[in-house]
Amino acid sequence: MTETTETHTTPPQGGGYDTYKPRSPEVRAALEALRGLRQDLIHDAFAYRPLPRMAVDGPLTRRLPARLREYAVWTPHAVVTAFGLMAVFGTGVTGQGDVTQLLSGFLVLAPVLLSMVRPGGAFWLSLGSTTAVAVLGTSWGNWPWLPGSFISHLTVLTVVAIRTRPRTAAWMWLLTALYGFFAETFFGWGHYSTNTGPMLVVSALLLLVVAVWHIRRTAEREVTAQQTVTMHERSKRTLLEERTTIARELHDVVAHHMSVVAIQAEAAPYRVENPPPELERAFATIRENAVAALTELRRVLGVVRAEDYEAPDAPQPTLADLDVLLANVRDTGLSVDKTVTGAVRELPQGVELSAYRIVQEALSNTLRHAPGASARVEIGYVLGGLGLRIVNDPAPAKALLKPSPGAGHGITGMRERVSMLNGEMTAAPTDDGGYEVTVFLPVSLASDGEA
């Protein structure tokens with residue numbers, strides 16, 4: 001006997017399946033809007049959000065004396081308070097008595113001051129104070145916003161809109177319109193002049209300006225963030241390009257040494273009469289390893305080689321070629337002097353190549369950033385390595401050529417070469433407005449002795 005199991009789905013309580021049908025886009029948009037209203041003007045209405053002080057690092061405030069800058073930070077608070085006092089003075093044109101005018105002045109000033117600490121609550125307080133001032137007032141015109149309430153409510157709308165999101169400004173404007181139409185419809189009898197229309201027009205213009213300001217600030221922040229990311233990516237790409245360039249240049253140096261090792265290992269057994277088999281096998285192994293390393297080196301170079309890369313026809317330059325470089329630089333109009341201290345000796349080819357490239361890049365920076373200036377190249381051979389110092393004077397005021405900003409990769413390339421050799425480097429402006437690059441490339445004593 002086969003037992004059949006039936007599965008029954010029980011509709012959720014509180015209605016059938018029709019209750020859980022997907023809502024239309026219009027309904028979802030309305031619910032989302034009401035959720036935003038609750039979040040902005042109900043739940044967070046009285047959240048404590050003090051008005052921040054103004055930054056004094058702008059082009060104008062930076063020039064103020066230190067004493068004035070201490071007070072300039074309170075400029076936003078002073079401006080808001082000033083508009084609040086204008087609203088207080090506006091209560092004096094309604095013909096109220098002294099006590100009533102004092103109470104009305106306090107009612108229009110309180111929401112303005114509250115907007116600096118609790119912006120959401122200030123809006124509701126402004127609507128309430130508008131009603132209270134209208135009840136206390138004796139003017140039969142300007143309903144429902146008396147002059148003081150008019151200024152106060154506009155100030156609150158503007159301050160709260162600046163300090164919140166554009167969505168909150170839209171809700172405040174809509175609630176202001178509903179309040180004005182309600183007050184005019186049910187309590188506007190006996191008043192020969194109503195001002196809900198002017199209030200909505202003026203507030204809409206102010207809120208539109210604030211919304212444009214918000215959009216611009218948001219766009220500026222996004223652009224700044226994107227520029228930061230772009231600069232970071234550009235720096236990483238520049239670093240990789242410099243390292244690739246260094247790898248290409250050092251290929252010739254390393255390949256030369258590996259070729260010499262392979263040739264010497266192959267020729268060594270013929271220089272010894274009746275060499276033992278163990279020696280021949282050892283030299284054969286050395287030669288095989290050298291050839292294998294050279295093959296792998298060429299394969300790696302093929303990976304890092306750019307599409308437009310062409311292998312150099314001449315050997316990589318060394319410090320012995322520095323005079324030719326300086327002569328070419330002088331032909332461009334740059335006055336450059338060279339000073340050599342210490343006992344000149346041959347250094348490892350990697351050190352020689354890096355030192356040449358560092359001097360070349362430093363002089364190129366001088367040509368770009370300080371045209372018409374003079375430069376000095378100092379080379380010091382010391383016991384532990386090689387010291388370099390390239391200094392240029394500031395560009396003359398009446399230089400024929402204007403400085404070129406350049407790509408900004410020169411310092412990065414120099415630092416990479418120095419870091420590769422475990423050296424030290426400093427690059428900074430001089431006191432007289434020039435620029436100085438100081439480098440020390442260590443060389444072990446064993447390398448000195450072999451050289």
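Helices (H or I, at least four residues) and strands (E, at least two) are DSSP runs, numbered from the N terminus. With that in hand, let us walk through the structure. It is a predicted model, in which local features need pLDDT of at least 70 and side-chain atom pairs count only at pLDDT 80 or more, while totals for chains, interfaces and linings use all residues. Residues are numbered from 1 along each chain as its sequence is written, and side-chain values use heavy atoms, with hydrogens and water left out.

Five strands form an open sheet in the order 1-2-3-5-4, with mixed pairing; two strands pair if DSSP finds at least two bridges between them. Strand 1 (335–341) and strand 4 (424–429) stand at the edges with a single partner strand each, so one side of each has no neighbour in the sheet. On average, neighbouring strands here are turned by 10 degrees against each other, direction ignored. For such angles, axes are lines fitted to C-alpha atoms, for helices over the stretch in contact, and angles run from 0 to 180 degrees between N-to-C directions.

Now look inside the sheet. Strand 2 (residues 374–382) and strand 3 (residues 385–392) run antiparallel and are joined by eight bridges. Glycine 380, for example, has glycine 387 in strand 3 as its bridge partner.

Helix 10 (residues 322–331) lies across strand 1 and strand 2, and runs at about 160 degrees to strand 1. Helix 11 (residues 349–369) lies across strand 1, strand 2, strand 3 and strand 5 (435–442), running at about 5 degrees to strand 3.

Which residues are linked in a network of salt bridges? They are Glu378, Arg389 and Glu436. A salt bridge is a side-chain nitrogen of Lys or Arg within 4 Å of a carboxyl oxygen of Asp or Glu, and the structure holds seven of them. Arginine 389 pairs with glutamate 378, the closest N and O atoms being 3.0 Å apart. That pair links strand 3, which holds arginine 389, to strand 2, which holds glutamate 378, eleven residues apart. Arginine 389 also forms a salt bridge with glutamate 436, with the closest N and O atoms 2.9 Å apart. Glutamate 436 lies in strand 5, so this pair ties strand 3 to a part 47 residues away in sequence.

Arginine 389 is partly exposed at 26% relative accessible area, as is glutamate 436 at 23%. Here buried means under 20% relative accessible area, exposed over 50%, and partly exposed in between (1.4 Å probe, protein chains only). A further salt bridge joins glutamate 361 to arginine 368, with the closest N and O atoms 3.1 Å apart.

Next comes a loop. Asparagine 422 sits in the loop between helix 12 (410–420) and strand 4. Its phi is near 60 degrees, a positive value in a residue other than glycine. With 65% relative accessibility, asparagine 422 counts as exposed.

Our last stop is another part of the chain. Among the residues that line the largest cavity are Ala161, Arg165 and His214. Helix 7 (166–187) and helix 8 (196–267) are the elements that give two or more residues to this lining. Helix 8 provides the largest share, four residues. On a 1 Å grid over the protein atoms alone, a cavity is a set of points where a 1.4 Å probe fits but cannot get out, and lining residues have an atom within 4 Å of a point.

How values were computed: Contact means heavy atoms within 4.5 Å. On a 1 Å grid over the protein atoms alone, a cavity is a set of points where a 1.4 Å probe fits but cannot get out, and a pocket is an open set with protein on both sides within 12 Å along at least five of seven lines; lining residues have an atom within 4 Å of a point.
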